[in-house]
Amino acid sequence: MRGIARGMRRRPPKYSAAALAWKGLRGDPWPRVWRDTELKRSYDAVVVGGGVHGLATAYYLARNHGITDVAVLDKAYLGSGASGRNTAIVRANYLTPEGVAFYDRSLQLYNSMATDLNINVMFSERGHLTLAHSDAALRTMNWRAEVNKLQGVDSSVVGPDEIKEVAPSLDTSDHPRYPIQGALYHPPGGIVRHDAVVWGYARAADHMGVEMHQKTEVLDILCEGGDGPEGRGAGGRVTGVRTNRGDISTPFVVNCTAGWASLISAMAGVRLPITTHPLQAAVTEPVKVFLPTVVVSGSLHVYISQTDRGELVFGAAVDPVATYSIRGSLDFTEELAGHVLELMPSVSRMRLLRQWSGLCDMTPDYSPVMGFTPVDGFLVDVGWGTYGFKAAPVSGEQMAAAVATGNTPELIAPFALSRFDTGELVGEKGAAAVGH
Amino acid sequence: MTMSRLEVQPTEVIDRSTTLRFRWNGKRFSGFEGDTIASALAAAGEHVFSRSMKYHRPRGILTADYWDPNLLVQVGDDPNVRAGHRLLEAGMDVGAQNVWPSLHRDIKAANGLVSRFLTAGFYYKTFMRPQRLWPAYERVLATFAPGGKVDPDTPHRYHDKRYSHPDVVVAGAGPAGIEAALAAAAAGARVMLVEHEHAVGGHLRYAHPEPARAALAELRAALAASDVEVLTDSTVTGRYEDNWLGIVQRSHPVAVERLIKARAKVLVVAPGLIERPYVFAGNDRPGVITSVAARRLINLWGVKPGERAVVFTANADGDAAAADLERAGVEVAAVVDGRDGRRVSAAQGPPKALEAVVAGGTRTEADLLVVAAGWTAPTSLLNMAGDRPVYDPAAARFFPSDPPGNVLATGGLAGDGRLDELRAHGAATGRLAAQRAAAVAHRYQARTARALAVTGDEPAWAADERAPLRRDRHPELYRSDTHGMVDLSEDVGSKDLVAAAREGYDSVELAKRYTTATMGSAQGKLETVNTVAAIAEARGETIAQVGTTVWRPPYAPLTLGALAGRMFEPVRVSSIHPWHEANGVRTIQAGQWIRPDHYGDPAAEVRNVRTNVGIIDVTPLGKLDLRGPDIPKLLNLLYTNKWSKLAVGKVRYGMMCAEDGVVLDDGVTGRLGPEHYLMTTTSSGAAGVWEWVENWLQTERPDWRVHVTPVTTAYASINVAGPKSRELVSRVVDGVDLSPEAFAYMEVRTATVAGVAGCFMWRIGFTGELSFELHVPAGHGLHVWEALMEAGADLGVGPFGLEGQRIMRLEKGHFIVGQDTDGLTLAPSTGMSPLIKLDKEDFAGLPELAWAADRQLPLIVAIQPDDPEIVPEEAAQIVRGDTNEILGRITSARMSPTLGRAVCLGQVEPELAAGGTKLTVLLASGQRIGATVMDHHAHFDPAGERLRG
Amino acid sequence: MLLVPCPNCGPRNSADLRYGGESHARPDPATASPLQWRGYLYLRDNPAGWLRETWYCRSGCRRWFTLERNTATNEFRDPPQPGDKRGSKA
């Protein structure tokens, strides 16, 4: 395919303290983070969805494979979906060997992201506690810890005393309705500034010639040769996409959407094992920093972290009712607050400042659907449930490899769509009552 | 700016006869009953209340109400208290937040000197290298976190909640809102009127006495005489699906804050308008206040806001403020009229005060600048209802576009007008709301299949025939010819927003995320429109083109305590629980149930069962009473094995699978009569299995005649186990021949136990011992338990708990669904293949199990560590030799008191499942130990002679 | 909190019900191919619009029933009348 030379443009200024000081002194403006270009009629590859997954895919297509004639399309603005609505937790302490290997690679990429992308994504490696309130939960924590250790991932089960040391505000007494019996402690886990990841990938991809097109909605996917209507469906191949700004011809379309994965895939005649549910989150007013780590309780369906700005950020499990409406609910905040106070009674006077929700595409086995589909040239990177953000770098890297080589990389082979034809599902279901 | 207390004002809300003493930053102060914290401090001459977030600039009063970004203080253990709203109480300990070492000497104010380097988003562009230093940077950044402190000893105070089902909720008790409430109530609706401030009246409260005062008195009297429920110091925090409203009541006499959940048939949104700050150099300086703030200070609390003022006005409210200032004795040095195209350019002075105002090139000395530059329409509740407000440049604010029919706007949100016009619009809105509420009520009633008295047709959906309010022209005043602060709580300036837009963060949402504008305490109520305007300016577009952000709930923040309320997550205990507690039980939580884990020594309990007899309370066991002729068909459909030939008096074990073939639940079911069965499920599966059974019966087989009743808690269940169990049971049971010939293993009888009739009793063997499980009417559980203890004293009867039972079932190799199986365990993996009858016509999961017959699946096997003393952790991994390749895991492990060695169950790859296979088990300590797969699941009594005895 | 129109109990808060998800017909286990059966187990239309779905009124009448809801707006259509065959695809 066409190389970097064609897409490359002037060398943009690097971010650094020195550049910041120099520009500050001279009052110079910074250039645009990504260009605003005309939409062309043809691309080597089109990525649908300008979130972290789509942008990472485009970035790695350009960086690792020299494929720079790529358009990333988003119907709103970059990072407008789940990428900007998640609670920004990263971790690798999954249950299955395939899950651990995959997320561990993602964590490595997060670790070097600031220098790779030349933007401070504020990766705060602050440790991650998954609390257990029952024998059964503790058994699952042990299981995860053992699998993690075998994969070289730092996880261990700790008792109430150690929990109290890591996070003194937790109530480790035996008073609560759900006493804390232990926890899976995962020191490499932490939080990342999610928007910075979006902007960092977009900026770096832009530098290599990738085009980002906002307010560009995909209305249809053009296919030929398939067994369905208008050439869609199994056995066919992709020829292009129809957008609200005109048709584009392309041999590759990568569906990197969350919340709309079923709808985009249906345009190519591909049916998915997905239902779409809102995932709600909320943030309090800031107070002085007191919670140094990420705290998760699966039984209580809550996860908590405190940002450097002092806000507590809360998340929960997805809403039970499938819907594309993301207006949020009062019962979510009530249950959330009840469970937070069960864990940390001292924050009862903190005030909830804002709640929001995003859409999550849930699969039957709490694992994504990645790679090729029965339609040639139509790839999916979907079904990310509540754990898409933490997987973005590795997903982009592997999806780019799939597009560039035509082969399914080993790391994502367990997540193929075809597993739902053979019934060989991934075993993350056990650990994923709360996906954070 | 020097503030002081004025003479008595006719409109004031303070009671000067009651002095309240309090502390501010450790010093003694006093105010009057009715003061807010801020008004009391202002009256005492305080003019700096906080430091800004990033640059630590001194900040004073801006809006003097709940939304004032500069008036967040700590009160005792309560952080981020709105001093512009919270009423003063005697003894309050109030302190400034986010200052060090003190409010007046704040070291971080040095940040202001380098502000040109700290532009919005600066942190994204630096601190990348060296990466190992980022944690150190992060710790420094974290010290800049604004806000108060959480006291680690703060208790979760009592919080009440309330459900309400009003016809009409009116959010906002200004003149239009009050009229709406009165009109709706007059039309027969049940009305709740919710006012954010401490009293009803809206802008009339601080308006010049006449005619506003007379109108206010009239409205208050009418409200008092009406049936309207008035909640003051309360806020509708959110409008959710189908008009489900969250209302926080801060004025409740007992609860600190109370959450009211109301299903309103119609919501009337009447919050009025919020005055918007104006952007110019120095606009965040103490001494620059909004016109409403000036009027509130003077008229509500008798506070003189300064000595010499400049008034920048673009509307009648600004003019009224100028008049109020003059009446209060403030010298109005200059009036800058925005309607004539004049602008304020700068507020100048030393850091903590205002010295002069520059407008049109003229510098006027003043210690107060009052700004009336326009309004923000707080459309939050309309947004939550799905409305997308539209900007009107002629009126310089947003207006509702098309909210759903059960949400109506009135008052300033809907338009402008004289007081009588606003009141008339409110009244018309109230009548419309009542009509529509009646239609909704009728629809709710009629939707109930067995509605009792739904009479008449549904009332027609009343058309909206309200005469619309006019829209007054207002100049578009957002930013002057200088740059200033747009978001005071986040320290985001117009320069930052312009720079962000130029960098490509040029949609409102991107700019908001990049700069954090509108993310602070007021959540955009003061900042949003100025933010949009700054971006529009940078892009050369109009405000309408740029659009606005989506307002998200809650409208006003509320405490986690209020949201949580009391935790309604009850625990369940059996009727025998008092005995357990009196006898040294250690309990364990199992789902909702609190169960006996053991009574001090579980190993001794096991030995007693194996040698004598023990009794265990198994009440939580799920129990479904089944009646009807088609039960065998149902059981054939739900269990993997066959049920057609189960005779009356017989019991059978069954395993249930989901449609994907994964093990769902298991248990025994007994046939009590020709058309009467008792099904048992696992304790944790009880609720789910019931729904599962109902689903099959109602959706797939609606023609089958089976009636299902959950009886889990209708019966107390006691298992009597051990070689002496028959002797013990015979002493308390009447009328049943207990001999092995007459009452065999896996049979059920109806019996009278300890004088209690209507008990069921079956012989099963989870523990591997001869055992009788008694199901007795729950009210008699404790009696039967005590009778067993008494009758068996000479037999050595003792209680045993869940731990003992777990040990014994593991000795017997019985698996537990959810512990030894997981979310992917197909039925054949349990080793129960003989119970999977693939020749049945149909059962849940059949196709998958048929296909699975050819697949190599992991298997559950019994495992014994070669070193009998080592008990592996449950979850210890089974690996290939010295490698890290996972071949299985230990799912259950205990030291067996019976065998004196460690015993386990585990799941292993099929090639390791044969008896005698040597395994390597990796312990949590990292040690690798040898273990052996056993020939049978049962470590103990594999032939089952004991339980059949 | 959605207001779910239970055909027996009238409008009820969704917290009183269990959501059963998209209605889909169960293939005949005797003849279903693996692809058909796994389509029934796993694949969903998941439309952004009107969806036929099942609910269980667990705190009320204890009936499973079918409703139609617009997943973009959460608006319900009038439920089918009690006595209709439930759970099968329209």
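This is a predicted model: local features need pLDDT of at least 70, side-chain atom pairs count only at pLDDT 80 or more; totals for chains, interfaces and linings use all residues.
**Exercise 1. Two helices against α11(A).** Classify how α4(A) is oriented towards α11(A), do likewise for α3(A) and α11(A), and list the residues in each contact.

*Solution.* 
Step 1. Helix α4 of chain A covers residues 97–111 and helix α11 of chain A covers residues 388–405; their axes come within 7 Å and cross at roughly 95°. Angles of 65 to 115 degrees count as roughly perpendicular, so α4(A) is roughly perpendicular to α11(A).
Step 2. On the α4(A) side the contact consists of F102(A), Y103(A), R105(A), S106(A), L109(A) and Y110(A), and on the α11(A) side of K390(A), A391(A), P393(A), V394(A) and E397(A). Sorted by class, this contact comprises 7 nonpolar, 1 polar and 3 charged residues.
Step 3. Helix α3 of chain A, residues 52–65, also has an axis that comes within 7 Å of that of α11(A), with a crossing at roughly 45°. This angle makes α3(A) oblique to α11(A), and the crossing is right-handed.
Step 4. Among the α3(A) residues in this contact are V52(A), H53(A), A56(A) and Y60(A); those of α11(A) include G388(A), F389(A), M399(A) and A404(A).

**Exercise 2. The contact of chains A and B.** State how many residues of each chain take part, and identify the strand of chain B that is joined to β17(A).

*Solution.* 
Step 1. The contact involves 71 residues of chain A and 77 residues of chain B.
Step 2. On chain A, at least two residues each come from α2 (17–26), α5 (113–117), α6 (135–150), α8 (194–207), α10 (330–343) and β17 (351–362). The side of chain A that touches chain B has 32 nonpolar, 22 polar and 17 charged residues.
Step 3. Strand β32 of chain B, residues 558–559, is joined to β17(A) by 2 bridges, and the two run antiparallel. Within this pairing, T559(B) of β32(B) stands opposite R351(A).

**Exercise 3. Chain C and its contact with chain B.** Give the order of elements in chain C, then find which element gives the most to the side that touches chain B.

*Solution.* 
Step 1. Chain C contains 1 helix and 5 strands, in the order β-β-β-α-β-β from the N terminus.
Step 2. Of its 90 residues, 32% count as buried. Among contacts in chain C with a separation of 6 or more, 52% are between residues 24 or more positions apart.
Step 3. In the contact with chain B, 26 residues of chain C meet 22 residues of chain B. β1 (3–6), β2 (10–13) and α1 (34–42) of chain C give two or more residues to this side, and α1(C) gives the most, with 3 residues.
Step 4. By class, the side of chain C that touches chain B has 15 nonpolar, 4 polar and 7 charged residues.

Methods:
Residues are numbered from 1 along each chain as its sequence is written. Chains are lettered from A and ligands numbered from 1 in the order in which they are written. Helices (H or I, at least four residues) and strands (E, at least two) are DSSP runs, numbered from the N terminus. A residue is buried if 20 or more other C-beta atoms lie within 10 Å of its own, exposed if 12 or fewer, and partly exposed in between; C-beta atoms are placed from the backbone. Two residues are in contact if their C-beta atoms, placed from the backbone, lie within 7 Å. Ala, Val, Leu, Ile, Met, Phe, Trp, Tyr, Cys and Pro count as nonpolar, Asp, Glu, Lys and Arg as charged, and the others, Gly among them, as polar. Two strands pair if DSSP finds at least two bridges between them. Axes are lines fitted to C-alpha atoms, for helices over the stretch in contact, and angles run from 0 to 180 degrees between N-to-C directions. Angles under 35 degrees count as roughly parallel, over 145 as roughly antiparallel, 65 to 115 as roughly perpendicular and the rest as oblique. A crossing is left-handed if the near helix is turned anticlockwise from the far one by less than a right angle, and right-handed if clockwise.
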